[in-house]
Amino acid sequence: MAPGAAAADTSTHAYGEASYWDQRYSKDRGTFDWYQKYQSLGPLFDLYLRRHHRLLLVGCGNSGPLPLFLVSLLGTIAFAVNWFWSLVTELSVSLSEIVKFLTVLGESMVDDGYQDVVNIDISSVVIEAMQEKYSDRPRLKYIKMDVREMSSFESSSFDAVIDKGTLDSLMCGPNATENATKMLKEVGRVLNDKGVYILITYGDPSYRLNLLRGVELWNINMHVIELIIVPPLPLLFLPDRTEKTPGQKAWELTTPLPLNEDGSSVSAVLGSNPEVHYIYVCIKGECR
């Protein structure tokens, strides 16, 4: 999904329909992992989540572990990169670091000690594929379900819901506000009191804040994280020498931004058109 399309909510693809995703995943069996990786988000999760929490990942998609032949290829590349860069720098790249960069949210969370991660997606094609792929990982569960109708889950049955782009997808389709509101109400229903909904999105406060506050379920903490721009693989682990766009300000991931009623305080801090994902941490039962 193009960042501009998601942020401006101007496209009308059928992202909320199972048929769209079934067709897409049937045509392309490659893996996708939208938005941020776990190693980037981990410090924020540590603020709000505990390893024993029951987690729900909505719109999980088909991101998954790397095939053996690709792991072997990456090992060769890692060796070559280490040999080359040892001539000019002390940098060392291990295969495990490369694989960790490319692995996915649910798997990475379980690998890091989370004990109960439930993944749902509207596409039966992708859920069946992921159930087969992770049949040996009992802490990773995959269930076909529409996030707008999660009646199979009891109320107050999760400690946290994590959303990397699912709300954005609904906001790009027809009846966007209606469908997004249905989703948010269901998320609120399945969350425990004091549970958290972590929304990672392209949508800045002018596009998301009123929607999130409209369901009157939670208090919102605002975080941001820099967009991931993936360079060619040999450059993945080089020190970052890029310069920020003039007027763009960095902000520590784990420090909430000031958030006023209309969200204008965020742009006042970050400047115009910041290259970030916005992270709304919605804490149920603390609505104000």
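Biologist: Which strand does β1 pair with in the parallel sense over five bridges?
Modeller: In this predicted model, β1 pairs with strand β2, residues 116-121, and the two run in the parallel sense over five bridges. Within that pairing, L55 stands opposite V117 in β2.

Biologist: And which strand pairs with β1 over four bridges?
Modeller: That is strand β4, residues 158-164, which also pairs with β1 in the parallel sense; here V58 is the residue that stands opposite D163 in β4.

Biologist: How many of the five residues of β1 are buried?
Modeller: Four of them are, so strand β1, which covers residues 54-58, counts as mostly covered, where buried is taken as under 20% relative accessible area.

Biologist: Which residues of α9 are buried?
Modeller: The buried residues of α9 are A176, N179, A180, M183, L184, E186, V187, G188 and V190. As background for reading such a list, an α-helix has 3.6 residues a turn, so residues three or four places apart point the same way.

Biologist: Then Y134, where does it lie?
Modeller: Y134 lies in the loop between α7, residues 124-133, and β3, residues 140-144.

Biologist: Is Y134 buried or exposed?
Modeller: Y134 is buried, because its relative accessible area is 4%, and the cut-off for buried is under 20%.

Biologist: What separates the C-alpha atoms of Y134 and E107?
Modeller: Those C-alpha atoms are separated by 9.1 Å, although Y134 and E107 are 27 residues apart along the chain.

Definitions and conventions
Residues numbered from 1 in each chain as written. Predicted model: local features only at pLDDT ≥ 70, side-chain atom pairs only at ≥ 80, totals over all residues. Heavy atoms only, no water. Buried < 20%, exposed > 50% of the residue type's maximum accessible area, 1.4 Å probe, protein only. Pairing = 2+ DSSP bridges.
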